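Dear colleague,

Please find below the structure that I am handing over to you. My notes on its contents follow directly after it.

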Amino acid sequence: MKKFVFPLLAAMTILALVAACQPETVTVEVPVERTVEVQVEVPVERTVEVEVEVEVPVEVEKSLVIYNSYMSDPAPREADAEQVRMFEEMYPNIDVVHSTVAHEDFKQAIRAYLTASTPPDVMTWFAGNRARFFIDKDLIMDISDVWEREGWNETYPAGFRAMSSVGGKQYFVPASWYWWAVYYRADIFDQYGLEPPETWADFLQVCETLKENGVAPIAIGTKYRWTSAAWFDYLNMRVNGPEFHIDLMLGKESYDDPRVLTVFSDYWAPLIENGYFIEDPAAYSWSEALQFLINGEAAMYLMGDFLRDSYPDEEEANLDFFRFPIIDPAVPVGEDAPTDGYFIAANAQHVEEAKQFIAFLGGVEAQQYFADNLGRLPTNMEVDTGGFTDMQKKGLALIQSADFVAQFYDRDTTPEMADVGMNGFMEFWDNPGDIADILARLEATRQEVFAEE
Amino acid sequence: MTREKRLSQLTPYLFLILPLIIYLIWVIGPMFYTFYLSLTNWDGVSTPDFIGLRNYQRLFKDPVFYISLKNNLKWILSFITIPVVAGLALAMALNRSIPGAKAFKASFYSPLVLSLVVCGLIWGWMYQPANGLINATLRAVGLGALARGWLSDKNLVMWAIIAVGIWRQVGYVMVLYLAGLQGVDPGLIDASKVDGCSGWLTFRHVIFPLLTPVTVIVVVISIIDSLRAFDLVSVMTRGGPYNSSSVLANFMYIQAFNNYKMGYGAAISVVLFLISLVFIFIYLWRVLQTEMEY
Amino acid sequence: MTTKKFFSSPWRTIGYLVLLAITILWLVPFIQAILTSVRTNDDLMRRGFFSLPTEISLQSYAEAWRRGGLEYYLPNSFIITIPSLVLTLFLSSLSAYALARFRFRGNRLLLFTYIGGMLLPFQVLMLPVFRLTDALGLYDTHWGIIAFHTAFQLGFCTFLLRNYMRTVPGEILEAARIDGCSEFRIWWQIMMPLTLPAVAALATLEFTWIFNDYLWAIVLLRSDTLKPVTAGLATLQGQYVMDWTVITSGALLATVPTVLVFIFLQRYFIEGLTLGATKG
C-alpha cells in the first residue's frame, strides 16, 4: 500500500491544478440562461453580455444564490419555479440558480450537498427531527438574525418557532404544511345514507355498510410503505395519545409495550381481517391506489392533502374529508401535519443573497402564493386567509382544533427506525397474527438505534 | 544491449502509468477507503469513529442479510440455468439459414438496448395487478383466478423480478453462443452425421464440448451479474414487500443512503465483494491456464 | 435453403411457428410500452389495458419532453458521455496493450486489480468518490463526473481489450519490431487498427452504460444546468405522483440515442459481445 501513497498524492496535486483551470469552460458549455453566473468569474465574456442586455438592460453586476429543491411533483414544482421568478423580479440583481431533484433522490443527495465545499446555499427540507439532525452536526446556518429582522418571532405561531429553534437560535424556516385526514366520496356516502363517522364504532359501521354494498371501504397503496405508517400514527395517537406516540418515536417508549400491541391487535388487525381495505394494496403506489377512489370502487382514503393535487378537478366536488375518528374520547387529539421549509447550508457561499432569498420564502408574499395556488397552509400568520377555499378553511380548523400536531412517522423518528418499522407494518399486513414477533423485532431495532444516539 | 534491455523492460510501465494512476485514484483508492469505512460508524456527515468489527458482527446477525443472500442465490441459480439453456437453444435454432433469422436475432437481443431502469419501469407496469397486461390477459382468457399481485406477494416477487432479468439475459447468452458456433468447424458436424449420429448426439458429443469455453464465460458472467443485481429491484420494489425481494446490493444501498449507515453499508459491500472474488479467482484461474503460452 | 424448401417439412414448419410465437411474446413488453405511451393516463386507468384507446395522442411525449426538460439535459448527456467514452477507450487500450503483450512483474496482479475494481458494487464508492471529487475541486463540474466514468470503466475495457489483443498473431508485431518500430508506433499503427472492431463494440456498450447513468450524476453534480437527461427523467417520478404514460414516454425517449448508436454499430456489437467468449 505504501508504494502507492506517493504517486497517488502527486497525481492528486497535478489533477487539482488542472482542475483549477477548468471550471469556466464547463459552465460556458451549457446553453441555459443561468450561465449568467459566468460573468462573476470571467468579466469580459461578450456572448453572455448580449443575453443580459435582452433580459435586464441596466444591470451590470449580478450576484447569485444557489437553490436546490425537492419539489419534483408537477404542481409544487410549478409553484416553486414561480416563487423563484417572483423573487428575481423583486431583486433583479440576484440570480437564483435553481435545481430540482427528484424527491427520493434529494434525501440521499443531501448529505453530499451539505458536506460539499460548495453546497447549494438554500435547500428545501423537512421541519422537525430531520432538520434537527443536521443542526446538531453544525451543517445548518443560524438564521436568528433573519427571524429577528423579518419580525417572524411575532408573526409565526410559537409552535412553528419552536420547531425551528435549537438552543434559542433559529435555523429553519417552516413555510408550508398540510393536513392529513380521511378523504371520502361524498356521493357514495349519500347513496348509502352514510354520515362521516366521528367515533370508531361509527367508522366500523360505515366500513361494514360499504362492504355489504360491494364498495371497498378503504383505499390504500402500500408499495412504498409510508402510507401504512399513517395508519399507525393515527391509531396509536387515538388509542394511546400523542404524548405516548411521540415518546415512542423518540425511542423513549418501547415497541413491545402492551399499549402498542393493542393498537395492532384490537384496532388495525380487524380492519384488515374484515377486508375493509382494498385487495392487494402492496402492489400499488399511493397514487395508483387513488384510482380506486376516483372510479368509485373504494370510498375512503387516509391521506395528506396533496391527494387533491392528483384528483381530477372536474370530480373534486364529490370529494370531502373528515377527521380520523376518535377512539378514546379521554385521549387528547393528535393530528399529522407535515411541515416543509427551507434552510441555509452552514458553509453557503452566498450568505447575504441566501438570507434575502430565505426571507422572501418565509415572507407573506411567497406564502400567500403557495397557499392560494397549491392549497397548502401557510405558517406565517400575516398571510391573508380570506381567500381560502372551503377545503383549506376546513383543514386549517382541523389542525387548529388538535391538541397536538405530529409530523409523520418517518419524519418523527430516525430514518433507520422508520425503515424497519414500516417493513414491520407491511409484514403485519400480510400476517396479522405474527404481530407479537414483529414488535419484538422492532423493539430490538429501537434499542440498537437509540443506544447509539 | 543492457541499457536497451532495461528500456524495453520499462516500456509496459510507460503504457500503464496514466491509466493506472487514474484507476488508482478514482477506483482503488475509494475501494480501500470503503474497507476502512466498514470498520467505522460513519453516517455520511460526521467524523467516522473506528468501531472495529461491530458492523460485521451486526451483519451476521441481521435477518435481512440472510434474506438478501438467499435472494442472490436464487438469482444465480436462475441465471446459470434458464438463460443458458434458452440462449443455447436459440443459438442452435438460429445458427442456420432459416427465413428471417436476422429479425429473430434482433428481437431477442433488443432488450439489451434498454437500460435496466427502463426494463424495470416497463415490467413494473406489466405486473400491475389491476390494469397491468399480465393480469388483464389472464382475466380476458378466463384465467382470472391466476391473476396475482406479482410484485406484492412475498413468495412471488423475487421470481417476478428475476424473470425480467432473464428476459434481458437470454439474448445476451444467445449472441455469445452464436459467436461460439461460428468457431465450430462445420466439417466436424458433417463427419459425425456421416457416422450416423442423430442431431441430439451430435450436439451432445460434438458441439457442446466445443462450446465449453463459451459456457464457462456465460456462467461466470451470469454469476457476477446476479451478484450485482440492483437496478431492477430498486426500480420495481425497492426490496419490498418487507425485504422479501431484497438483494445484497439493495440492502447495502438502503442502509447507506436511506438509513445513512454508511459504515454498515460499507461492510455489506465488502462481504459482497469477497463473494464475487471467489468467482473471479475461479475464472481467472481458468483463463490463465489456457494462456500458458506466456 | 429456399423458403419453400424450408417449409416442406411439417416438423420444421411447426418448429418455426413455435419460434415465431416465442419471439412475438418476447417483444410484448416493448409493444405494451409503446401502446401505453400513446394513451392518456386517465383513459388507461379508467378503462383498463384491453380497452380501445379513446384517443391516440403523442401528448405524453410532449409532456415528458417539457416536464423532463429534455432539451436542457440532453446536451449535457453528450457532454458527459462522449469525452468519458473517448478517454476510457484510449486509456484502456494503452493498459490493455501492456497487459496483453508484455511479460513483467505484476502483470497478473494488475489484471486482477482491474477486474476486481470492476466487480465492486459501485454504489458503495459513491461517498468516497464524492469526497475525492470535492477535494479536487471538481464537484459540480462535468470534469468530475467524466473523470469518474473514465476511471470506473477502465477495468472492464482493459479486461476486454486485453483479451482481444492477445488474439492478434505475435508475428505481425515481431515483424514491426524487427523493422525498428517503437512500441508506441506498434501500438498505434498496428495494434489499434487491428483492435478497431473491438473498440467499436466496446464503444456501443460503454455509450449505453454511461449515457444511462443516474446515480453518479446526482452525487457528483448539484446544478440542473449540468445534469444529464436521466436526472431530468427522474424528476418525472415525483414524491407523490406516478403518471405511467408520461414516465413510459420519457423512458422511451431517453432510449432513442442508445438505440441509434446501437443500430449504427450493430455489426460490431455482436462481435463485441463475443470478445470475452471466444477469445478469452
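Predicted model: local features only at pLDDT ≥ 70, side-chain atom pairs only at ≥ 80, totals over all residues.

A salt bridge connects Arg58(B) with Glu416(A), and its closest N and O atoms are 2.7 Å apart. Because Arg58(B) belongs to helix 2 (residues 54-61) of chain B and Glu416(A) to helix 22 of chain A, the pair joins two chains. Arg58(B) and Glu416(A) are both buried. This pair is also part of a network, in which salt bridges with shared partners join Glu416(A), Glu448(A), Arg58(B) and Lys261(B).

Over all chains, the structure holds 28 salt bridges. Another of them is formed by Arg238(A) and Glu335(A), with 3.0 Å between the closest N and O atoms. In chain C, the side chains of Asp224(C) and Lys227(C) meet in a salt bridge at 3.3 Å, N to O, and both Asp224(C) and Lys227(C) are buried.

Turning to the aromatic residues, a search of the whole structure finds 83 aromatic pairs over all chains. One of these is Trp147(A) with Tyr156(A): the ring centres are 5.1 Å apart and the planes stand at 50°, so the pair counts as tilted. Trp147(A) is buried because its relative accessibility is 0%, and Tyr156(A), with a relative accessible area of 2%, is buried as well. Tyr409(A) and Phe425(A) form a further tilted pair, with 5.2 Å from centre to centre and 55° between the planes. This pair links distant parts of the chain, as Tyr409(A) is in helix 21 (residues 409-412) of chain A and Phe425(A) is in helix 22 (residues 415-430) of chain A, 16 residues apart. Tyr409(A) is buried at a relative accessible area of 0%, and Phe425(A) likewise counts as buried at 0% relative accessibility.

Charged groups also sit over rings. The charged end of Arg111(A) is placed over the ring of Tyr260(B), 3.1 Å from the centre of that ring. Within chain A, Lys394(A) lies over the face of Phe321(A), at 4.7 Å from the ring centre.

The N-terminal end of helix 15 is capped by Asp257(A), which has a side-chain oxygen 2.7 Å from the backbone nitrogen of Arg259(A). After helix 15 comes Gly275(A), with a positive phi near 70°.

In general, a disulfide is a covalent bond between the sulfur atoms of two cysteines. As for individual cysteines, Cys119(B) is buried, with a relative accessible area of 0%, whereas Cys181(C) counts as partly exposed at 23% relative accessibility.

With kind regards

Terms used: Residues numbered from 1 in each chain as written. Chains lettered and ligands numbered in written order. Heavy atoms only, no water. Phe/Tyr/Trp six-rings, centres within 6.5 Å; stacked < 30°, edge-to-face > 60°. Buried < 20%, exposed > 50% of the residue type's maximum accessible area, 1.4 Å probe, protein only. Helix = DSSP H or I, 4+ residues; strand = E, 2+ residues; numbered from the N terminus. Lys NZ or Arg CZ within 6 Å of the ring centre and 35° of its normal. Polar contact = N/O pair within 3.5 Å; in protein donor to acceptor, adjacent residues only side chain to side chain. Salt bridge = Lys/Arg side-chain N within 4 Å of Asp/Glu carboxyl O.
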